[in-house]
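Please read this note with the model open beside you, and look up each residue or element as it is named.

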Amino acid sequence: SGASLRYSTGTGGEGSEGEGAGLGSSDSGGSGFSLAATALPERRRPGGGRPRYEVVRELGAEEVRWFYREDRKTWKPFIGYDSLRIELAFRALGSGGGGAGEPAAVEPVCVRSGLYEVDVASAESYPVYWNQTEKIPVMRGQWFIDGTWQPLEEEESNLIEQEHLNRFKGQQLQESFDMEISKPVDGKEAIHSLKLSRNHVDWHSVDEVYLYSDATTSKIARTVTQKLGFSKASSSGTRLHRGYVEEATLEDKPPQTSHIVFVVHGIGQKMDQGRIIKNTAMMRDTARKVEEKYFSNLATHVEFLPVEWRSKLTLDGDTVDSITPDKVRGLRDMLNSSAMDIMYYTSPLYRDELVKGLQQELNRLYSLFCSRNPEFEEKGGKVSIVSHSLGCVITYDIMTGWNPVRLYEQLLQKEEEELEESWMSYEERRLLEELYVTKQRLREIEERLHELKASTISKPPVLKFKVENFFCMGSPLAVFLALRGIRPGTSGSQDHILPRTICNRLLNIFHPTDPVAYRLEPLILKHYSNISPVQIHWYNTANPLPYEHMKPSFLNPSKEATSAPDSESASAAPSPTTSPVMVRRHYGESITNIGKASILGAASIGKGLGGMLFSRFGRSSATPQTMETGKDGPEGDEKKATTVGTPPLPHSSSGFLEPTVELEHRIDFELREGLVESRYWSAVTSHTAYWSSLDIALFLLTFMYKQDQEETDKSNLDTI
């Protein structure tokens, strides 16, 4: 029996011994069937066929494949690592290790990169990190349909498997059987048959098994085709295969998670509960495609976790619903469930509840992830946050600890300063001085009390982790900051709005027509209001230029520069000190986007219809395609003269002030519009269109894998 265990899990890899060997522990239990492992070669399905001289035996754990089904779609196979471990739990459950006839207690099996668990007893899967009302059914596959490799329903599969073992167990398979090129069964009579509820199965040989429907229409079709000379199997039979097309191995496991991303929703979650879970699933699936295409050489991967903070809050209960009039109730309920969140957040009564709700959920998810992945913190795992809409503002306030009380104190201090400057009587001034001394004394006492408390009780950090990247999508954060009194500075550092000690990198992603999104860069340096956001690369762009090397381009070039005569503009090459490349007259003016085109000379046209049409072409001057064109001639010279990362500075005669300070890192990144895209329809749909974008998925992973990619490239260079 011990020898047969090694055979049943023999995959040729390291997993065939040790841990893998234990997976077949119930293969021969109770059956009395035992074979010497050395007498039989290993079975390798992926190579194209079975080896010779194999005999019929019970299916090994590596031949069984487990499946799951989401949203009532087709069954999807678990990867080999997950399927083997589920099968081990299933066999332990069936072995009856609980004593007195009771089934053994089996712990749930962690699957799908640790995001889900499988309860083998109930044949259900459920998420670990979020709540989901619908359980995901799982199924054990033994017999599979030819071509699609979809499993037969478990009840039918069990009956067929039992019948197959009863009839053929111990018999030798065909000597030169090949799964891909099998002999036709025309003229062969069925040597065995099994009647099911709606179908029947015919065995033409040990390896040639066909499933037939017993529906009336199928019987009629079968009769007609057989009279025409076709065989029963070739006319209406479905070929079945025993065991999955690919053997499960323990090596087929997911890469280790080195970076987790918390995905925070904005408004409207009450209206459509569970939407953030679906949106995160879309983003995760899109990111998987990008990972396979661009980052498959890395041994780690990024995991996305939804943060659902709204549904647990009580807020006003049903007070707002009770005061809502009944007319156009549907529209009013929609507004109450979405836009009302903004009013809640601006309310001093409920703001703290929203902030604490998100803060606690972020910390809960991080603690849960670390408890299930203890090596994550040990190996320096990173955490990023992707926030959408209002979620950006709440996340920002949690990280920075901003509170409206501080703003109120600042306003009071400003009023005091204004009072001191104004004229007042002797008595008023004396009372004001007494008030000032009293407040100063009160502040000193509060500070001493705070120090005493801090020395006895260390206050835990607001978040249990440092944020590596904070991605804002469709974010109104800039408006909130502007209304709080933040004005452009002179440093060009992200620290002006978000200190690097709190978050290493802030990135603001938006669609050009998103009505909720605003730019952040002009809040740091004012002249960036005239510099266009960085264009996000298309997903399928070949050899894209790294974002840190993309040159800024101006939104509103000078009228003097664009009104030059055609002869002058044709003969004189544009330069950083005369005229910047014309981008477009006003941000968002063009209707179509032909960003892949590369026309650097758009600035020289500058008149009539041509100027209007080509204004968008010049916009793509920062894209890699543009950088590749015009290598010869005056444009190429101009590009060589301009240093990487430095914008072309306009001449003082153009009406611009020459900027002396630039941003350390670009913050605003803009998605490209579609080739044929209605501006007004986009304004309606763009705010919720970020989740499934391949461009955004590539953008996020580019920044999150940046360090890993650089380390890999460096090690490759060292090897060379």
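Predicted model: local features only at pLDDT ≥ 70, side-chain atom pairs only at ≥ 80, totals over all residues.

1. Residues are numbered from 1 along each chain as its sequence is written, and side-chain values use heavy atoms, with hydrogens and water left out.

2. Helices (H or I, at least four residues) and strands (E, at least two) are DSSP runs, numbered from the N terminus. An open sheet is formed by seven strands with parallel pairing, in the order β13-β12-β14-β15-β16-β18-β17. Two strands pair if DSSP finds at least two bridges between them. At the edges are β13 (300-307) and β17, each of which pairs on one side only.

3. Within this sheet, eight bridges join β12 (residues 256-264) to β13 in the parallel sense, and the bridge partner of T257 in β13 is H301. Helix α6 (residues 275-294) packs on the sheet, where it touches β12, β13, β14 (382-388) and β15, and its direction makes about 170° with that of β13. Axes here are lines fitted to C-alpha atoms, for helices over the stretch in contact, and angles run from 0 to 180 degrees between N-to-C directions.

4. Which strands form the antiparallel open sheet? Five strands do so, in the order β7-β11-β10-β9-β8, with β7 and β8 (192-195) as the edge strands, each pairing on one side only. The twist averages 30° from one strand to the next. Strand β9 (residues 199-203) runs antiparallel to β8 and is joined to β8 by four bridges; the bridge partner of S193 in β9 is D202.

5. Helix α6 also meets helix α24 (residues 694-704): their axes come within 9 Å and cross at roughly 65°. That makes α6 roughly perpendicular to α24, a term for angles of 65 to 115 degrees. The contact (heavy atoms within 4.5 Å) involves residues including M283, T286 and A287 of α6 and L694, A697 and L698 of α24.

6. Is Q142 buried or exposed? Q142 is buried, with a relative accessible area of 4%, where buried means under 20% relative accessible area and exposed over 50% (1.4 Å probe, protein chains only). Its place is in the loop between β6 (136-141) and β7 (143-145). The side chain of Q142 makes a polar contact with the side chain of N158 at 2.7 Å; such a contact is a pair of N or O atoms within 3.5 Å, and within protein one must be able to donate a hydrogen and the other to accept it, while residues adjacent in sequence count only if both atoms are side-chain atoms. Leaving aside neighbours within four places in sequence, Q142 is in contact with several residues, among them L59, S157, H241 and G243.

7. S475, in the loop between β15 (467-473) and α15 (477-483), is buried with a relative accessible area of 1%. A polar atom of the S475 side chain lies 3.0 Å from the backbone nitrogen of L477. Beyond its neighbours within four places in sequence, S475 is in contact with residues including S389, C392 and Y518.

8. H537 lies in the loop between β17 (534-535) and α17 (559-562). H537 counts as buried because its relative accessibility is 4%, and a polar atom of the H537 side chain lies 2.7 Å from the backbone oxygen of L545.

Notes
Parallel < 35°, antiparallel > 145°, perpendicular 65-115°, else oblique.
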